[in-house]
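Below are some reading notes for a colleague opening this structure for the first time.

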Amino acid sequence: MPKHVDPHGGWEVRLDLECVLCTRTVATAQGPAGQPFVPTSIRVRRPEHVEAVQQRRCPYCSGGLWLQNREDVYVYAGQRQPRIARVS
Ligand SMILES: [Zn+2]
């Protein structure tokens, strides 16, 4: 564990983009905590699904995507990597 918290780090929110119809998780969005949530990065699980995710559509069934499974992560300055690893 670090001895001090970098003042330029900060809390971010990570959410899964999940289909409302088939409940598949197709991407993970992350961005600064706050309302409205504006993701600064979206990681799509499969490269061929990027286009569908950009249109907020499920690549499997064309259902809508919504944000699920909110998770707060602390991001250190210069290291835009979440410190808390997802266990699933
Ligand atoms: Zn779907």
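1. Start with Ser62, a residue that deserves a check. Ser62 counts as exposed because 12 C-beta neighbours lie inside 10 Å, and the cut-off for exposed is 12 or fewer. Ser62 lies in the loop between H1 and E4. Its phi is positive, about 65 degrees, although Ser62 is not a glycine.

2. The mean pLDDT is 86, and 80% of the residues reach 70 or more. Helix H1 (residues 50-54) has the highest confidence, with a mean of 96, while strand E5 (residues 79-82) has the lowest, with a mean of 56. Where pLDDT is low, the predicted coordinates should not be read in detail.

3. Overall layout. The chain contains 1 helix and 5 strands, and their order along the sequence is β-β-β-α-β-β. The chain has 88 residues, of which 17% count as buried. Taking contacts between residues at least 6 apart in sequence, 49% join residues at least 24 apart.

4. Strand pairing. E1 and E2 run antiparallel and pair over 7 bridges; within this pairing, Arg14 stands opposite Gln30 in E2. E2 also pairs with strand E3 (residues 41-44), again in the antiparallel sense, over 4 bridges. Ala29 has Ile42 in E3 as its bridge partner.

5. The turn between E1 and E2. These strands form a hairpin with 5 residues between them. Thr23 sits in the loop between strand E1 (10-19) and strand E2 (25-32), and has a positive phi of about 60 degrees without being a glycine. Most residues other than glycine have a negative phi, and most peptide bonds are trans. Thr23 is exposed because 10 other C-beta atoms lie within 10 Å. Its C-alpha atom is 9.3 Å from that of Cys58, a residue 35 places away along the chain.

6. A cis peptide bond. Gln35 and Pro36 are joined by a cis peptide bond, with omega at about -5 degrees. Pro36 belongs to the loop between E2 and E3.

7. The core. Which residues make up the largest nonpolar core? It has 8 residues in all: Leu17, Cys19, Val26, Ala27, Ala29, Val53, Cys58 and Leu65. E1 and E2 are the elements that give two or more residues to this core, and E2 provides the largest share, 3 residues.

8. Contacts of Leu65. Leaving aside neighbours within four places in sequence, Leu65 is in contact with the core residues Leu17, Cys19, Val26, Val53 and Cys58. Its contacts also include Glu18, Arg56 and Arg57.

9. Tyr60. This residue is in the loop between H1 and strand E4 (65-76). Is Tyr60 exposed or partly exposed? Tyr60 counts as partly exposed because it has 13 C-beta neighbours inside 10 Å, and a residue is exposed at 12 or fewer. Not counting residues up to four places away in sequence, Tyr60 touches Cys19, Cys22 and Arg24.

Conventions:
Residues numbered from 1 in each chain as written. Predicted model: local features only at pLDDT ≥ 70, side-chain atom pairs only at ≥ 80, totals over all residues. Buried ≥ 20, exposed ≤ 12 C-beta atoms within 10 Å, placed from the backbone. Core = buried A, V, L, I, M, F, W, Y, C linked by C-beta atoms within 7 Å. Contact = placed C-beta atoms within 7 Å. pLDDT = per-residue confidence, 0-100. Pairing = 2+ DSSP bridges.
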